[in-house]
Amino acid sequence: MHTGELRVSLHVRGLRNRSTANKDTTICLGCVLFLYCFEDVLQGAQVIFRKPLAESLDAAIKQVFPDKTQSQIKIIDAGAGTGLAGLELFKLGYTNIDALDISQEMLNEAKKKNIYKKLICAPLTEQRISEIETGEYHTMISTGTLAIAHVTPEAVEEMIRMVKPGGLVCFSMRLSHVKEYEEKMLELETTGKWETFSKEKIPYSEKSDLPKEIHAFIFKVLQN
Ligand SMILES: C[S@@+](CC[C@H](N)C(=O)[O-])C[C@H]1O[C@@H](n2cnc3c(N)ncnc32)[C@H](O)[C@@H]1O
């Protein structure tokens, strides 16, 4: 899905090359998101956070839903991209996973992994996503997506809406991005929408030019 056009300078995030130097170029928003994520894909071999995040979520799910089998746990991977977080959960035995992403190109890649039941192309904003029922999922995982360039703090309420009371919302967040979201996260706690289940730092990368650690948040939904 291409949701509009942006005028961008290709020198942003090092995408400039000699032929486009100093020229503004019009490219679609879907392509911008693809390029943003492509950078992460290029780094994919060097980042190591998805596996420990999935393992923490697996432990939390077993604690919160002790009577459910893994195939009974319905999961939404929000900002699924090419499916790398879903894949880690799938390896742990979860087989009832849907993918949500703003980019159809990303979902086309994710589909090739054969790990998702449903692929939903929609933007995660403060608006209700009509394809998703309130409380449809036991758990949400979201990796690399809660960054201001992608998803506003207000959209976190829509994330909560998708998850059952008693269910879990799990996401990674770069340490440098926390300040953008902490007010909203606290507000959701004080208004009784969710409570903190766990907050830890997990290894992100061993490469010297990448962050060493990233936050792993798990919240328990109380009300949606
Ligand atoms: C950095 S990638 C991370 C992908 C994947 N979760 C991973 O760990 O590899 C961010 C993803 O979020 C998607 N995205 C960005 N903004 C979004 C929004 N508002 N709603 C839904 N998806 C969004 C992008 O298309 C992209 O696939």
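Visitor: Which residues point one way from strand β3, which point the other way, and are they buried or exposed?

Guide: A residue is buried if 20 or more other C-beta atoms, placed from the backbone, lie within 10 Å of its own. Strands are DSSP runs (E, at least two residues), and helices are runs of H or I of at least four, numbered from the N terminus. In β3 (residues 75-78), I75 and D77 point one way and I76 and A78 the other, and all are buried. This is a predicted model, in which local features need pLDDT of at least 70 and side-chain atom pairs pLDDT 80 or more, while totals for chains, interfaces and linings use all residues. Residues are numbered from 1 along each chain as its sequence is written.

Visitor: How many bridges join β3 to strand β4?

Guide: Two strands pair if DSSP finds at least two bridges between them. Here four bridges join β3 to β4 (residues 97-101), and the two run parallel. I97 in β4 is the bridge partner of I75. On the other pairing, β3 and β6 (residues 137-142) are parallel over three bridges, with M140 as the partner of I76.

Visitor: Why does the shell around the ligand lie between domain 1 and domain 2?

Guide: Domain bounds come from an automatic or database domain assignment. Domain 1 (5-45) and domain 2 (47-221) both give residues to the shell, so it lies between them.

Visitor: Which residues come nearest to the ligand?

Guide: A residue is near a molecule if its C-beta atom, placed from the backbone, lies within 6 Å of it. Of the 20 residues around the ligand, G79, G81, L124, G144 and H150 come nearest. The largest share of the shell, three residues, comes from α1.

Key
Buried ≥ 20, exposed ≤ 12 C-beta atoms within 10 Å, placed from the backbone.
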